[in-house]
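Hi,

Here is the structure for you to look over. My notes follow below it.

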Amino acid sequence: MLLKLKTAGTLLTAIAVVAVIASVPVGEISAQRRVHYVPSRPVRPVPAPRPVPRPVPPPAPRPVPYPYPVPRPVPYPVPRPVPVIVPVPVHPYYWHPFVPYSWGPYWHPVGFVVATLTTAAIIITIADATYHYDNGEFYSQNNTGDYVVVPAPAGAVVPSIPKDAVKVEVNGEKYWYYGGVFYAKHPSSSYVVVTPPAGATVDKLPDGAVEKTVNGQKYMYYDGTYYQPVSEKGKDAYEVASQPSPATPEKK
């Protein structure tokens, strides 16, 4: 009996559900189906962030092995030593008494003072020093306005030399000698004062030359140059000698 009642209840429940469904319009059912069964859009996956490249450190310097290498010296040309040629006197030593020589009334020895110069005098500047050249002599003006004869400065260029200048040839080179001064030809057709060339022979020395003894031998000394007394063609002369060593004792 109890089983029949359960079966009948179930049947009634099923009939009631069918009736409810039948009472709902078809459009609403379709709409509910659409609402409940509309498929969702697929979600695209978010790409993962790209990895940032790490900075590559510079390569470490290679360790220098010990001992450390020594840099090679830079080669440079070594100057060749210039051979020192000591001039050998051409004439044998021959002592004779010294007699000062004067080149006429218009020539004056070093230290002579004059009040005026001739109109032919010219001004020469060498190494910021001013000289006056007049007829083979060089003058320097003092504080009082007078003119004093001074040694000829080497390198001074003059337009002319006195007519009494004597030509002297040494090893094929030509020089002119006057008043204790040697001149050489200048490219500009002038003359330039030069140091006395070793081996040059002259027969006169001016006033102011002094006698000096070097290594037991007597020389004449004038304006920084040693002259050896010699005999040339039977006549007394003086030959420009080499400078003696500073360590050599000298006597006047």
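**Sheet, histidine and cavity**

In S5, tyrosine 147 is the bridge partner of valine 114. Please keep in mind that this is a predicted model.

As a general point, strands of a sheet pair through backbone hydrogen bonds.

Next, histidine 108. This residue lies in the loop between helix H2 (26-37) and strand S1 (113-114). Is histidine 108 buried or exposed? Its relative accessible area is 18%. The cut-off for buried is under 20%, so histidine 108 counts as buried. Which residues does histidine 108 contact, leaving aside neighbours within four places in sequence? They are Val114, Glu137, Tyr139 and Val149. Val114 is the residue bridged to tyrosine 147.

Last, the cavity. A search of the whole structure turns up 1 cavity of 30 Å³ or more. The largest cavity holds about 110 Å³ of space. Strand S4 (137-141) and strand S5 (147-150) are the elements that give two or more residues to its lining. The lining of the largest cavity comprises 15 residues. Val110, Val150, Gly179, Val181 and Tyr222 lie nearest the centre of the cavity. By class, the lining has 9 nonpolar, 4 polar and 2 charged residues.

Best wishes

Notes: Residues numbered from 1 in each chain as written. Predicted model: local features only at pLDDT ≥ 70, side-chain atom pairs only at ≥ 80, totals over all residues. Heavy atoms only, no water. Helix = DSSP H or I, 4+ residues; strand = E, 2+ residues; numbered from the N terminus. Buried < 20%, exposed > 50% of the residue type's maximum accessible area, 1.4 Å probe, protein only. Contact = heavy atoms within 4.5 Å. 1 Å grid on protein atoms, 1.4 Å probe; cavity = no way out; pocket = protein on both sides within 12 Å on 5 of 7 lines; lining within 4 Å. Points joined across faces, edges and corners; volume = space filled by probe spheres on them. Nonpolar A, V, L, I, M, F, W, Y, C, P; charged D, E, K, R; others polar. Pairing = 2+ DSSP bridges.
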